[in-house]
Amino acid sequence: MNIAMRRLLGLLLLAGSWALGAGAAQAHPHVWITATSELIYAPDGSITGVRHAWTFDDMFSTYALQGLETKTKGVYSREELAPLAQTNVESLKEFAFFTFAKADGKKEKFQEPVDYFLEYKDAALTLHFTLPLKAPVKPKELALEVFDPSYFIDFQLDDKTPIKLVGAPASCQLKIQRPNDGTATAQKLSEQNFLSGDNSNYGAMFANKITVDCP
Amino acid sequence: MRLTSGFARALAIGVAAALVVLALDSVISAVMAQNPFGGPRPGAEPQIGGIVGWLLSKQSEFYREMSSTIRAAKSDGSAVWTLLVISFAYGIFHAAGPGHGKAVISSYLVANQETARRGIVLSFASALMQSLAAVLIVGICALLLNATAKTMCGAERLIEIVSYALIAAFGARLVWTKGGGFVRALQAPQPLPALALAAAAPHDHAGHGHDHHHHEHSHSHGHVAHRGHEHGHDDHEHDHAHDHVHDEHCGHSHGPAPIELAGPGGWRRGFGAIFAVGVRPCSGAILVLVFALAQGMFWAGITATFVMGLGTAITVATIAVIAVSAKDLARRLSAGSEGGGALIMRGVEFGAAGLVLLFGVGLLFGYIAAERVTCL
């Protein structure tokens, strides 16, 4: 086998692997969510859960409302939207609600969502739901990430109120890393990790990371 | 005889497939380590974004502009032109990014000795099919039945499974036929091959002749005579002498003539490929169509979908042509080397066939994540 041919075969395999890697990391968003999240504290200073308000982009909002009958055209009451909210939270379960929490480095689990409802305002749907922690935690450091690992959904924390601490001890400090403000090193999206074909954590590069330190 | 040869062949193909995957894996990591995209690695500091990041940001931009443009088009007719330009650009960028469709089509073209011209036709046909699938789904579900998003996503999921199963079945068939060619090429230089593999040869031959109509075309007499032998004789030496000559010919062939391409089997097989890939619509197109429908601009959504498909086709066709040309070049180069050339080409084809099967199985069982259907 001469050198030129070996090189060519390499190229051929590279092309194949690019295709394969590309197939593996199918990734660009089709849905955009603007998120506001609240961390809920019990009187004793422990965290009991997370409350989300996710506003969908107008294209997805329209899609979600397709085929929904209402009394007044273009007006959707909370009751009329209840079945859709039910579908939403049921579907989100498959994706662990795109909410990943770590208390002092240990992964925390959430219970089934409660108090969920949809709201329609300014041609956009907002999904409200609360995720109670399996057991309340009182960590020194809580890390919360909201993102879609496969990056089908793009999560942006709201500009004005990205995160609220509800009833947190006064000493707690909040830090936010957004994917686009240059603080997250994870956003360095190189061909190398794109081609690795590992789709499992691709979206982590676009994650919103929230840390709360309570010394 | 039939049972044992079938088993032996399955075993041989399985082992060969494992070897190809292993070899592929090591070659990829070796090549990637020094030379991604064939160019020198830029600097020590990796560029934020890079080509892929740029593609991602571009297509996100175009996609996000679509909803506002459709809204604008309601009152301002000229916004429709903007919509078409955006859709076209989105189609090009969308396909240049990740996607299993072009991977399957390129692998199929490499596996099946297709021409660049046919690659272009197949790329456009599959993109057209995809656009049509999206329009039909939304047209039937949303416009005619006024189904909810939940129902529509159920339909999408079903179609998705069908598409992946078809790709897997298509890949399995390619592996089966290409495996035969590869096994024969492996045996060709050896005067006394293993008995198990030899027993498989006559069956391979029948399958091979059936699948490669252009070979059949030029060799039809030999094949017919050969098939006649298959039942009565165990004359292995005869088989191999024949196979050897046959493979030599493949190595030196100048590609099928246009008239042979138009053969009924060839196009039918090509249609199998585009149907398997194209039946599953792009989630983006579905969203755009439903949005357009809600705005009372369904026709604008349909036009945008087909223009998007046109953009996609251009990119897929480009990639397909690169894949086919690379293989042509490989064939010309390997034709110079004695004996091993045919083996390498059969190996490449077999590997490409294996990729199609891997895509199908991987997608079907979720090892390869494809674009998600919009079910929330």
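Colleague: Among contacts in chain A between residues at least 6 apart in sequence, what share joins residues at least 24 apart?

Modeller: For chain A that share is 70%, where a contact means heavy atoms within 4.5 Å. A word on the ground rules: this is a predicted model, in which local features need pLDDT of at least 70, side-chain atom pairs count only at pLDDT 80 or more, and totals for chains, interfaces and linings use all residues. Residues are numbered from 1 along each chain as its sequence is written, chains are lettered from A and ligands numbered from 1 in the order in which they are written, and side-chain values use heavy atoms, with hydrogens and water left out.

Colleague: And what is the figure for chain B, for residues 24 or more positions apart?

Modeller: In chain B, such residues account for 82% of the contacts with a separation of 6 or more.

Colleague: Why is Gln66(A) called buried?

Modeller: Gln66(A) has a relative accessibility of 9%. Buried means under 20% relative accessible area, exposed over 50%, and partly exposed in between (1.4 Å probe, protein chains only). With 9% set against that 20% limit, Gln66(A) therefore counts as buried.

Colleague: What is Gln66(A) in contact with, leaving aside its neighbours within four places in sequence?

Modeller: Its partners in chain B include Ala142(B), Asn146(B), Met152(B), Val290(B) and Leu293(B). Gln66(A) itself sits in the loop between helix H2 (58-65) and helix H3 (78-93) of chain A.

Colleague: Which strands are joined to S1(A) by bridges?

Modeller: Two strands pair if DSSP finds at least two bridges between them. S1(A) has 9 bridges to strand S2 (residues 47-56), running antiparallel, and Glu38(A) stands opposite Arg51(A) there. Strand S8 (residues 153-157) runs parallel to S1(A) with 5 bridges, and Thr34(A) faces Gln156(A) in S8(A). Strand S9 (residues 163-166) is also parallel, over 4 bridges, with Leu165(A) as the bridge partner of Leu39(A).

Colleague: What makes S4(A) and S10(A) edge strands?

Modeller: They belong to an open sheet of 5 antiparallel strands in chain A, in the order S4-S3-S7-S11-S10. Strand S4 (106-108) and strand S10 (173-177) each have a single partner strand, so one side of each lacks a neighbour in the sheet. The twist from one strand to the next averages 20 degrees, with axes taken as lines fitted to C-alpha atoms (for helices over the stretch in contact) and angles running from 0 to 180 degrees between N-to-C directions.

Colleague: How many bridges join S3(A) to S4(A)?

Modeller: There are 3 bridges between S4(A) and strand S3 (residues 99-103), and Ala103(A) stands opposite Lys106(A). On the way through the sheet, S3(A) pairs with strand S7 (residues 141-146) over 5 bridges, where Phe100(A) is opposite Glu145(A). S7(A) in turn has 6 bridges to strand S11 (residues 208-213), with Ala143(A) opposite Thr211(A).

Colleague: How much of each chain is buried?

Modeller: Buried residues make up 54% of the 215 residues in chain A, and 54% of the 376 residues in chain B.

Note on methods: Helix = DSSP H or I, 4+ residues; strand = E, 2+ residues; numbered from the N terminus.
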